[in-house]
Amino acid sequence: MPIDIDVICSRYKKGSREALLPLLQEIQEEAGYLSEEAVVAVGRYVGLPSSKVYGISTFYDHFRFMPKGRYHLQVCGGTTCHIEGAVSLLREIEKLLKIRDGQVTRDGMFSLQVVNCMGACSKAPIIAINGEFHTVLSAGDLALLFDVIRKRA
Amino acid sequence: MSDREFLISEILTAKAPDHGQAALKRLAEIRRERIKRPVIYVGTGSCGIVAGADKTLQATRNYLSEKNIDAETVEVGCIGLCSAEPLLDVQLPGKSRISFRNIDESLVEPVLDDIFNGIVPQDYVLGQFFNPLHQAYQGVDDIGQLPFFKHQHRIVLANCGKIDPQNIADYIARGGYQTYLKCLSNYTAEKVCDIIDESGLRGRGGGGYPTGRKWKTAHNTVSDQKYLVCNAAESDPGAFMDRAVIEGDPHALLEGIAIAAYAIGATKTYIYIMADYQQAIRHLRTAIAQMKEYGLLGYNIFKSGIDLQINVVVSPGAFVCGEETALINSIQGKRAMPMPKPPHPAVEGLFRKPTVINNVETLSNVTYILKNGPQAFNSIGTATSKGTKVFAVTGKSAVTGLIEVEMGTTLKNLVFKIAGGIKDEKQFKALQIGGPSGSCVPEQQLSLPVDYESLWEAGAIMGSGGIVVMDENTCMVDMVKFFMDFLQQESCGKCIPCREGTRRIHEILENITRRPPSETGHEVLERFKGIMQLEGLSEVIRDTSLCGLGQTAPNPLVSAMKWFRDEFEEHIFDRRCKAGVCKELRVFYIEVDKCTGCVACLRKCPTNAIVGQPRQPHFIIEDKCIGCGICYDVCKFVAITIK
């Protein structure tokens, strides 16, 4: 989805450093990720070298530099989910989809992200697919779920 | 007269708050104490949504439109009882509000059918809210008398889950914003600082610095512009107190912010909140817009000459933002890296102006103190720690959720009386208090009271309020490894002890939870060398790091080694994980009488560690086994067990 970076930029004060993070956040919200062009354009608008903009944006966990898959998987990495076995769930997903945290499958179907606590500790371990929550999943359920999604698409 | 006009003229700006019968009646109507049609409340906080509250809400609306029932549905925040989500409350005219637990979409119809026909579906009842205006249900417990609520003392969470968080009228009708306006008209800024100082309120973010003193420092610093920042960047994995407060009762926080801003003389305030908290951000923005509508924000508020602006800053997320100076850098569009103190932010902070940074929970206490006086707050708690503390109790406890207790309550009461002990009748092992940089507390220390000093003396910290309960099936080494992994990822990288040290600790722990390919030479030497250095390394990190993150980073390791040394030794010397969590240390064996000799495991074993003839029991050669667990997963006869 092409977005107009200049339009988003024009909502913020030119050359203001405080605008940097909100600006990047808004671009990511619209486009789903930060492209190289976006980083360069924002740098130019805020008055910072693009290397610095890239440095700051990689510092924070929130920014991503690859487009999301059609189905974006979020695995909770909170303490409770860890105790309840989120790690084996994550390994299972990695095995099934052949991607790791932060990557996208080759067909662009799935992307995987480990996130901070989603706050549903009583239902741990949980994963979210495009914002829809799934709880108490076994390895078998996962394979089935991915099959269903693949067929639906 | 609209609700807004009524509330502004009769409540907020009324000179003498002597309400006539009509006004009282109207207030009760706004509070939904007097209702003409049934009201159905659904708990749709983030935790509720995960449990399926949005589907419950949809099902409820469908039910009402299908049956042609004229009723109001209200979305409320989290009442704190996460394991009972989704919660559905029903209030019929003249009757008390009754609460049902674990109502998923399929249960909506039977439960609503029953209650509308005057039958109480006993299987799902949680309790009822007693109110003298209402007729109570027979044989239904008072919700406040449930063990979970009975031993709590709710100040910050008082309204969470009860009021409509997206409606300012509901808050004002319960006495909201009157305290703020009382401060503006009756108290000087110094007086407000004094009251807070006298109350003994201390920062709830972890450090426990006296809030009143912080405010006074900022108040006494001369500057043309001052700032107040509310720190809502709660990124401790497993803590969600601040989110619940913002989602469930945003105006309580906003009123606290308004009062704090007045006390220190700040006209611009920021709420720095995690980007993941989408619902909380939405509720905050709605609440701020409503404040503007009621004239509680902007210039010359209610002709007092005071200006106030509240901005929401969405944090791109980093654990280190809990450190004040790092947070300031982040708002200024820089990397969230801490800076050496002094100068303290209260003297020179955001944009080099005096800045007070307070936690959500701290600010949510402010209104209570000014409304009821410092003594009311002072009398709760222990000698040095006043008031209450909210904890997010998660993990293996029977009940998980938000618990607000008086300072001085013992951890034992917290876990066993309120959270109902350990689920599935397992044995309690330890609890982790204070998040990833907190400490573990074993059973023999459970009599510790919740109090900054007592916890500090015992080597633990209060932290922001996350408590993770662990049972016998949790491996302490694995737990520490998890926290160290988190900390080494979140270390900002500015100072070397924290950046390199946390990484090294994590590596050493990885080494001892891994089965080495060989037992000879360099590998073994490295392994033991690392272990010998763990304690020394922890000391160096603690003593030489720049900010709180580094200084507290070795806490989980040091405390776990103190109380569970045997478990570490078992991992190191015997290469055994009693809890069976450390995957690579697991040893599997086959129960002879259960094995049918189907050869499923034998075919799948990647190292040919399983031998046997078809239709004869197999067995595992321990030396060859790498503990991958594939045989365990493929066995259809549950013949494979972990030793």
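This is a predicted model: local features need pLDDT of at least 70, side-chain atom pairs count only at pLDDT 80 or more; totals for chains, interfaces and linings use all residues.
A residue is termed buried when its relative accessible area is under 20%. At 7% relative accessibility, B:Tyr227 falls in the buried class. B:Tyr270, at 13% relative accessibility, is buried as well.

Aromatic rings may also be considered in pairs. A pair of this kind is described by how far apart the ring centres lie and by the angle between the ring planes. Over all chains, a search of the whole structure finds 14 aromatic pairs. One of them joins B:Tyr227 and B:Tyr270, whose ring centres are 5.9 Å apart and whose planes meet at 45 degrees, so the pair is tilted. B:Tyr227 belongs to strand E6 (residues 227-232) of chain B and B:Tyr270 to strand E7 (residues 268-274) of chain B; the pair therefore ties together parts that are 43 residues apart in sequence.

Another pair in chain B is formed by B:Phe319 and B:Phe486; it is edge-to-face, with 5.1 Å from centre to centre and 75 degrees between the planes. This pair links distant parts of the chain, 167 residues apart. B:Phe319 lies in the loop between strand E8 (309-315) and helix H14 (324-331) of chain B, whereas B:Phe486 lies in helix H19 (residues 476-490) of chain B. B:Phe319 has 16% relative accessibility and so counts as buried, and B:Phe486, at 8%, is likewise buried.

In chain A, the residues A:Tyr71, A:Phe110 and A:Phe146 make up one aromatic cluster.

B:Arg26 is placed over the face of B:Phe6, 4.8 Å from the ring centre. The charged end of B:Arg243 sits over the ring of B:Tyr277, at 5.6 Å from its centre.

Notes: Residues are numbered from 1 along each chain as its sequence is written. Chains are lettered from A and ligands numbered from 1 in the order in which they are written. Side-chain values use heavy atoms; hydrogens and water are left out. Rings of Phe, Tyr and Trp (its six-membered ring) pair if their centres lie within 6.5 Å; planes under 30 degrees apart count as stacked, over 60 as edge-to-face and the rest as tilted. Helices (H or I, at least four residues) and strands (E, at least two) are DSSP runs, numbered from the N terminus. Buried means under 20% relative accessible area, exposed over 50%, partly exposed in between (1.4 Å probe, protein chains only). A charge sits over a ring if NZ of Lys or CZ of Arg is within 6 Å of the ring centre and within 35 degrees of the ring normal.
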